[in-house]
Amino acid sequence: MGERRHGILRYARALSGTAALALLCALGAFVMADRDGQDPAPFQRVLDRQAAALRAGDERGFLDAVDPQAPRHRGAQRQVFHNLRRLPLSTWAYEVREVAAPHRDGESAGSAGSGTAQGDTVTVEAALRYRLADYDQVTTTAAERFRFVRRAGGWRIAGEASDSDSQLWEQGAMTVVRGAHSLVLGVGRDRAELRALADAADRAVPAVAGTWPDGWSRRTVLEAPASVRQMARLLGTPVGDSGTYTGIAAVTTGEAGGTSRTGGGNAPADRIVVNPQAYGLLSEEGRQVVLTHETTHVATRRQTTSATPLWLSEGIADWAGYRRFRPAPREAAPELARALADPPGGGTAPALRALPTDADFGFGNDPAGLARAYEGGWLACRLIAEEWGTEKLLALYARAGRAHGGGRPDPDAALRSVLGVGKAQFTERWRAYATRVLEP
């Protein structure tokens, strides 16, 4: 997964599966030599043939890459094939990166020499690169770890390691719903529910494009897993920690700044992952606010970097989400209002002593504390829009994401440059503003 400027950051013409796959060019993958001397070429050929079969809609050829003695994996791959054929893929390619030394079934990897025999197994690390036509502006790279076994007919894929990146199309029969500005992928979800999700996403895109018209495709891709546990798998979170997302309605994944940390420009594409439980508990208005919030993260991804404080990136997303509905501050920031009304020991409420830090937005935080962080960021952006104007708020966001002296984040310099006040002065004005608008 890429950076998550959470959910709370971290594309509508859709081609049919047949037409989109016809656009796939021949794959000429670059094969890296393995450091242990194991030849990666046989494994690259298997993966290339499987990709070509997917391109051609050849289910039999696709499954030919799978070990016939692994019926469970073979059945799962048959479902994966049908799921992928429902997607408007323009790119689907593998690049073998590493091959472990072969070993006999039941032996540890690396225990055998360089020779191979029927029954030998190897672990192959490969990069999967894929892109959705008309939706993705970048090619996503996912890490895959396959277990290959040598049979009489050659090497076959016998399974996938648990530490491979998880994809929605691997989680069961997938339903695809296309909207005017959105593509919704769901597993274990009713089509009518997914259509409603696409309709809400279609309303969010033009609403956000009115403020951020450039720098993004004006399309969104949403993933709707069957459970919070499956959501956690998609986000690369240990299943035991899936409770982290219990109260989070949605999360947007991608790479801040639109570039890959590992180089090469293949940053992960934006995906809005919807929590089937928390999102379902929201009112229609609440769902619209959430999807407009998440769409704002998609629209601002290229302006968002590690220098952008979360109070600003999350605050501006909430500001965009609430613009249509204009809730009263006490209605939209109940936790801060509660803290202001009853501060421990009197004096200034701790939540208003300083702007929320990035750590305050951690998913594992106390729910009330997490809510206060979001509410504080929203009020800060609301203050800027009201007192300095919307254009200044957008300019501050763009300025805060740029590198400063020494390449280190410097929110104080960004505030001085755009608003004419430093962080300390702005914090005082934010505190006074929050106190005024939240008091009964």
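Modeller: A residue is called buried when its relative accessible area is under 20%. This is a predicted model. Of the 440 residues of its protein chain, 54% count as buried.

Colleague: What makes up the secondary structure of the chain?

Modeller: The chain has 14 helices and ten strands. Its accessible surface comes to about 18600 Å². Carbon and sulfur atoms hold 47% of that surface.

Colleague: How many residues does the largest nonpolar core have?

Modeller: That core has 114 residues. Trp92, Phe148, Leu379 and Phe426 have the most contacts inside it. Helix α11, residues 367-387, gives the largest share, ten residues.

Colleague: Which residues does leucine 379 touch?

Modeller: Leucine 379 touches Ala333, Leu336, Trp430, Tyr433, Ala434, Val437 and Leu438. Residues up to four places away in sequence are not counted there.

Colleague: Why are glutamate 95 and arginine 129 called a salt bridge?

Modeller: The cut-off is 4 Å between a side-chain nitrogen of Lys or Arg and a carboxyl oxygen of Asp or Glu. The closest N and O atoms of glutamate 95 and arginine 129 are 2.8 Å apart. That is within 4 Å, so the pair counts as a salt bridge. Glutamate 95 lies in strand β1 (residues 89-99) and arginine 129 in strand β3 (residues 120-132), so the bridge ties together parts 34 residues apart in sequence.

Colleague: Is glutamate 95 buried or exposed?

Modeller: Its relative accessibility is 10%. The limit for buried is under 20%, so glutamate 95 counts as buried. Glutamate 95 is also part of a network of salt bridges with Arg97 and Arg129.

Colleague: How many salt bridges does a search of the whole structure find?

Modeller: The search finds 14. One of them joins glutamate 125 and arginine 145, with the closest N and O atoms 2.5 Å apart. This pair links distant parts of the chain, 20 residues apart: glutamate 125 is in strand β3 and arginine 145 in strand β4 (residues 140-151).

Colleague: What about aspartate 136: which residue does it form a salt bridge with?

Modeller: Aspartate 136 pairs with arginine 271, and their closest N and O atoms are 2.9 Å apart. Aspartate 136 sits in the loop between β3 and β4, while arginine 271 is in strand β10 (residues 271-274), 135 residues apart. Both aspartate 136 and arginine 271 are buried.

Colleague: Why is glutamate 314 called buried?

Modeller: Glutamate 314 has a relative accessible area of 0%. That is under 20%, so the word buried applies. Glutamate 314 lies in helix α8, residues 310-322. Its side chain has a polar contact of 3.0 Å with the side chain of histidine 293.

Colleague: How do you know that the buried residues of helix α13 lie on the same side?

Modeller: The buried residues of α13 (residues 411-419) are Ala414, Leu415, Val418 and Leu419. They cover an arc of only 95 degrees around the axis, so they lie on the same side of α13. Their cover includes α11, α12 (390-400) and α14 (423-438). Glycine 420 follows α13, and its phi is positive, near 80 degrees.

Colleague: Where is aspartate 67, and what makes it buried?

Modeller: Aspartate 67 is in the loop between α3 (59-63) and α4 (71-84). Its relative accessible area is 2%, which is under 20%, so aspartate 67 is buried. A polar atom of its side chain lies 3.1 Å from the backbone nitrogen of glutamine 69.

Colleague: Which value does phi of arginine 326 have?

Modeller: Phi of arginine 326 is near 50 degrees, a positive value in a residue other than glycine. Most residues other than glycine have a negative phi. Arginine 326 is found in the loop between α8 and α9 (329-332).

Colleague: Why is arginine 326 called exposed?

Modeller: Its relative accessible area is 70%. The limit for exposed is over 50%, so arginine 326 is exposed.

Note on methods:
Residues numbered from 1 in each chain as written. Heavy atoms only, no water. Core = buried A, V, L, I, M, F, W, Y, C linked by side-chain atoms within 4.5 Å. Buried < 20%, exposed > 50% of the residue type's maximum accessible area, 1.4 Å probe, protein only. Helix = DSSP H or I, 4+ residues; strand = E, 2+ residues; numbered from the N terminus. Contact = heavy atoms within 4.5 Å. Polar contact = N/O pair within 3.5 Å; in protein donor to acceptor, adjacent residues only side chain to side chain. Areas by Shrake-Rupley, 256 points an atom, 1.4 Å probe, with all protein chains shown as cover. Arc of directions from axis to C-beta.
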